[in-house]
Each structure stands twice: as C-alpha cells, then as structure tokens.
Amino acid sequence: MRPLLRLRNVEARYGAFVALQHVSLIVPQGSVVALLGPNGVGKTTLLRTVSGMMSPSDGEITFDGIRIDNMPDHAIARLGLEHIPEGRGIFPTLTVRENLQMAAYTTEGMNGSIERVNQLFPVLQQRRDQIAGTLSGGEQQMLSLARSIITQPKLLMVDELSLGLAPRLVAQLFDTLEKIKRDGTTILLVEQYVRYALRLADIVVILHKGRVAFIGEPGELAHEGKLVEAYLGGSQAESATAEAEEQGGPRPRRRASGGATSGARPKRKPSAPRGSTRRSSPS
Ligand SMILES: Nc1ncnc2c1ncn2[C@@H]1O[C@H](COP(=O)(O)OP(=O)(O)O)[C@@H](O)[C@H]1O
Ligand SMILES: [Mg+2]
C-alpha cells in the first residue's frame, strides 16, 4: 500500500530535552497504525509534530507526497490530516449541532459526511440540541470523533480518546473506530487499551524513550514477550501478548535500531497546551 504518512529520522525537542529521536515510520494508506508505549515515551509529541502543533528539530515528514515538516498546522489540516489531541476538542458551551457545524464549516461538500456522522453516532443526533459541556464523558469523546471525521480526513490521528471512559464505552468507541476504518480512513492511533488497539491495528509501533523500539504486525508481538514486557509494562504487556498470540503465527522479528543523537537545534515554536485543537478550537 502507498505510504500516506512518512517520518524520516524525526527529532523533536522541548527546549534542550529531546523527546523524539530518529523516529522513522510509515503509515500506509487505508491502514490503522497503533502507536503504543507507557506514559512519557513521546506518543503525544509525535502526533503534535506531525500535525504542526510542534516543529521537528530534525528529520522529514511527508504527507500524501508533500513535505509538511515546515508547514503551519492549519495548512497541514487543509491537506486532510486531522488530529484529535489529548483531552476533548469540543466547544462545551455550544450545542452538539453547533459543534458539528463548526467542524464542517472549514470544508466544503459536507452533506454526505454529516449523514455518515449521524449513522455512526446516533446518540449525537438524539442530543443535537444539548449543550456539549453537559454531555457525558463518553458522548463528548464521540463528539470529538464526529467533529474530526465530518471533514472526511485522509488521515485521522487519535490521542487516547478512551481516557477516563467506562469499559463499555471503550468497546463502543473501538466499534466506531472500526467502522471509520472500514470507510477507508487511515488512522494513527495512540491508545492505552492495548488489547483493543491491537485488534484494530494493521501495524504496531512501540516507542521507548522517544525512539522506535518495535515496528511490526500485531501477530509478531507474540514472539516478543520480553520486548513487550520491557516496553509496555505489566498489565499492558499481558494483554498485548495474549492478543498477539490470538492473532499470530510465527513471523520474523523486525526491530528498529536507534542511532546517535544529532546536534542541538532550537525549537521553532512553542507547543500548544494540552487539550487544544488546531481548527475552530474551543478556547
Ligand atoms: N510541553 C512540554 N514541555 C516539556 N516537556 C514535555 C512537554 N510535553 C511533554 N514533555 C515531555 O516529553 C516526553 C514525552 O511526552 P509525551 O509526548 O507527552 O509522552 P506520551 O504521550 O507518550 O505520554 C515526556 O518526558 C514529557 O515529560
Ligand atoms: Mg500522551
């Protein structure tokens, strides 16, 4: 499959702190790539760097054949790259309908996708006149997702949308992501629910201290017990290995190797606060 997103040797910094180092990966068109790893390994930083909320201090990022690592976030969004950041990117004081209209506003020919959003999120249609801030946590998450797919993005990047959700709602969220995948949307998913993520993903990337520690298919993780344990830790490791064993036959091991750190370069712009969105953002 054609690479939709490609990172080559990407480095990202917060001041002197190097949060991503020599990160190279490909997100093929039509695939779901799960980006996994415990807290603090750089998953959020990677998504921010791709969507233009941060600029990489080194390396190249191409999206749909276009170099984007020097482009401002709004220009990247216009290419069809949608990022749901950590936290909820909704306007809490507007109604559900207004939230969706704001999202649709930036793109033309949205009628088809509004219909699709209504199919995917019947609860939002029922609650279209409710103030978004009064929705339950799960419904607010669904609204973030609905806002993102209304623009019919080529690539949807989702950062821990399941955070704080009851287990039943996590299952529902993943059902919806599965449908979005079947619609043909390419997804780069950051997720702590490893079991669900591996079921949805075609490719798994494990980050460890800002570097790529593993890239492969979910089934390959069955043979990576130690690696999974080391890089995903305790309960995540168990569920990852169990899930991989369900899926996997024997496959060759493929591990990325890291290189040396390159020279310090200043960050070009500060990162946005957590929970902010790039487009028609609640403030
Ligand atoms: N705004 C920031 N300023 C300084 N350091 C940060 C900032 N955001 C994240 N970091 C650091 O960068 C590293 C990666 O963070 P992050 O990308 O949020 O990890 P993850 O999403 O995997 O939990 C962590 O060590 C974190 O403390
Ligand atoms: Mg994060």
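Of the 12 residues around ligand 1 in this predicted model, those that come nearest are Tyr14, Ala19, Lys43, Thr44 and Thr45, where a residue is near a molecule or strand if its C-beta atom, placed from the backbone, lies within 6 Å of it. At least two residues of this shell are supplied by strand 2 (17-28), and at least two by helix 1 (43-51); helices (H or I, at least four residues) and strands (E, at least two) are DSSP runs, numbered from the N terminus. Helix 1 gives the largest share of the shell, three residues. By residue class, the shell around ligand 1 holds four nonpolar, seven polar and one charged residue, with Ala, Val, Leu, Ile, Met, Phe, Trp, Tyr, Cys and Pro counted as nonpolar, Asp, Glu, Lys and Arg as charged, and the others, Gly among them, as polar.

Residues are numbered from 1 along each chain as its sequence is written, while chains are lettered from A and ligands numbered from 1 in the order in which they are written. As the model is predicted, local features need pLDDT of at least 70 and side-chain atom pairs count only at pLDDT 80 or more, whereas totals for chains, interfaces and linings use all residues.

Four strands form an open sheet in the order 2-1-4-5, with antiparallel pairing, two strands being paired if DSSP finds at least two bridges between them. Strand 2 and strand 5 stand at the edges with a single partner strand each, so one side of each is left without a neighbour in the sheet. Helix 1 packs on this sheet and touches strand 1, strand 2 and strand 4, its direction making about 70 degrees with that of strand 2; such angles run from 0 to 180 degrees between N-to-C directions, the axes being lines fitted to C-alpha atoms, for helices over the stretch in contact.

Within the sheet, strand 1 (residues 3-14) and strand 4 (residues 58-63) run antiparallel and are joined by five bridges, with Leu5 standing opposite Phe63 in strand 4. Strand 4 also pairs with strand 5 (residues 66-67), in the antiparallel sense and over two bridges, and here Phe63 stands opposite Ile66. The hairpin of strand 4 and strand 5 has two residues between the strands, and in it Asp64 takes a positive phi near 55 degrees.

Nine of the nine residues of helix 1 are buried, that is, 20 or more other C-beta atoms lie within 10 Å of their own, against 12 or fewer for exposed residues and a count in between for partly exposed ones, with C-beta atoms placed from the backbone. Among these buried residues are Lys43, Thr44 and Thr45, which also belong to those nearest ligand 1. Gly52, which follows helix 1, has a positive phi near 90 degrees.

Although not a glycine, His22 has a positive phi of about 50 degrees; His22 lies in strand 2 and counts as buried because it has 22 C-beta neighbours inside 10 Å. Lys209, likewise not a glycine, has a positive phi of about 45 degrees and is placed in the loop between strand 9 (203-208) and strand 10 (211-216).

The protein chain averages a pLDDT of 82, and 77% of the residues score at least 70, pLDDT being the predictor's confidence in each residue, from 0 to 100. Over residues 248-283, pLDDT stays under 50. Where pLDDT is low, the predicted coordinates should not be read in detail.

Notes
Two residues are in contact if their C-beta atoms, placed from the backbone, lie within 7 Å.
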